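Please look at the sequence and the model before reading on.

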Amino acid sequence: MSLKKSGVLIATALLLASCASKAPKSLVTPLPPVAKHPLATTPAKNTQPVRGIWLATVSRLDWPPVNSVNMSAPLRVSQQQEALRNKLDKLKSLGINTVFFQVKPDGTALWPSKILPWSDMLTGTIGQDPGYDPLQFILDEAHKRGMKVHAWFNPYRVSVNTKPSTTAELNRTLSLHPASIFVLHRDWIRTAGDRFVLDPGIPEVRDWITSIVAEVVARYPVDGVQFDDYFYSETPGSALNDSQTYRQYGQAFSSKADWRRNNTQQLIEQVSRTIRQLNPNVEFGVSPAGVWRNRSFDAAGSDTRGAAAYDESFADTRRWVQQGLLDYIAPQIYWPFARDAARYDVLAKWWADVVKPTKTRLYIGVALYKVGEYSKNEPDWTVNGGVPELKKQLDLNESLPQINGTILFRESYLEQPQTQQAVNYLKSRWGD
């Protein structure tokens, strides 16, 4: 059996399915029995500039606290919730108004999903109920503070490594409802970048990802949905073997690269259409690598020499903006003004020109993680604690009318000793 339904049909099925119906006991991932509940508040489109931050849960990079995982249930819940409240208080004091919260770090969920098992980031065990709903919790706490929350999804990643212990843990979910996609659809799983990933060329995979996004948008008052830059994510030593998928689905394309880009395009189209049908007030955005294409490859590209999303991730991000598929795009421009191969100002201005004739908003991803860190190639990050470089980047963002905000990568770097001068500067510039 396979789920041969378009994204539109999935969205319709989500709306019509009964809340009380039980998922069939089958090795095929069921469509989630989700009803669209009336949302208490309808998020408004952004009017003020976004001052955002990414809050990563993969590998517990920013949250939850690593030491909370081994605690007994009541202590674990209280520590995780207290840590999140404290983070939101600090973010609020810094003037941050939007949190990009990673709800799907891999093939698991940080909400009670009918499609994905619970994330082991919360308890140490895939599928174990953490005793509360982290997505609902952050939405309640952030909205109380007047802050917005975008649900951040990594679409294709299933695990962060391919160790035998990881395989064993994924296999142990077979008896769970829902079980991991790793055991429900082993035929969808590939390895790439030394991780287990889903094959983006399989149409049912795209339908499945769309249904996950639909589940969140239908059930939660999220202000936005964001995909990160992991579409086709390979490394030279660990490429994605999708030759068989290409033979099955890609024969109409002149090259495998064009076919791969079309697969990514179809996912973005499906998800965009589904979100707009379920709740048009929820913003849909993507945070791609900062370089779309280099001018040496394409006259429309930027005057840069960096890894390009179009050629490396098979993501034609510029086209999505031009076609109006995104409410916003948040390119990761993680280089200083002096980095000749990929200058911050060159890329920010290039993206501003791309969005100018469209309705797509532009938020720039800034490398907080580099601030205060010595780099031979990028020494400006350590000059006066990185404050002059950060100031130049924020000044440029605020000077260009097409740039509607800044997002910092990532939250836990606000606590690092090397960033404290920059954090104090942010507070003086953005804070209440």
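The model is predicted: local features need pLDDT of at least 70, side-chain atom pairs count only at pLDDT 80 or more, and totals for chains, interfaces and linings use all residues. Residues are numbered from 1 along each chain as its sequence is written, and side-chain values use heavy atoms, with hydrogens and water left out.

**Helix α4**

- Helix α4 spans residues 134–144; helices (H or I, at least four residues) and strands (E, at least two) are DSSP runs, numbered from the N terminus.
- The buried residues of α4 are Pro 134, Leu 135, Phe 137, Ile 138, Leu 139, Glu 141 and Ala 142, where buried means under 20% relative accessible area (1.4 Å probe, protein chains only).
- These buried residues pack against the helices α2 (73–94), α3 (120–123) and α7 (203–219), and against the strands β2 (98–104) and β3 (148–153).
- Gly 146 follows α4 and has a positive phi, near 75°.

**Cavities**

- On a 1 Å grid over the protein atoms alone, a cavity is a set of points where a 1.4 Å probe fits but cannot get out, and lining residues have an atom within 4 Å of a point.
- Two cavities of 30 Å³ or more are present, a volume being the space filled by probe spheres set on the grid points, which are joined across faces, edges and corners.
- The largest cavity has a volume of about 120 Å³; 15 residues line it, and Ala 192, Val 197, Phe 231, Tyr 232 and Ser 233 are the closest to its centre.
- Strand β5 (residues 195–198) supplies the largest share of that lining, three residues.
- The second largest cavity holds about 40 Å³ of space, and its lining consists of Asp 229, Phe 231, Pro 288, Ala 289, Ala 309, Ser 313, Ala 315 and Thr 317.

**Largest pocket**

- A pocket is an open set of points with protein on both sides within 12 Å along at least five of seven lines.
- The largest pocket contains about 860 Å³ of space.
- Its lining has 39 residues, and those nearest its centre are Asp 229, Tyr 230, Ala 289, Gln 332 and Tyr 334.
- Helix α10 (residues 309–313) gives the most to this lining, with four residues.

How values were computed: Buried means under 20% relative accessible area, exposed over 50%, partly exposed in between (1.4 Å probe, protein chains only). Contact means heavy atoms within 4.5 Å.
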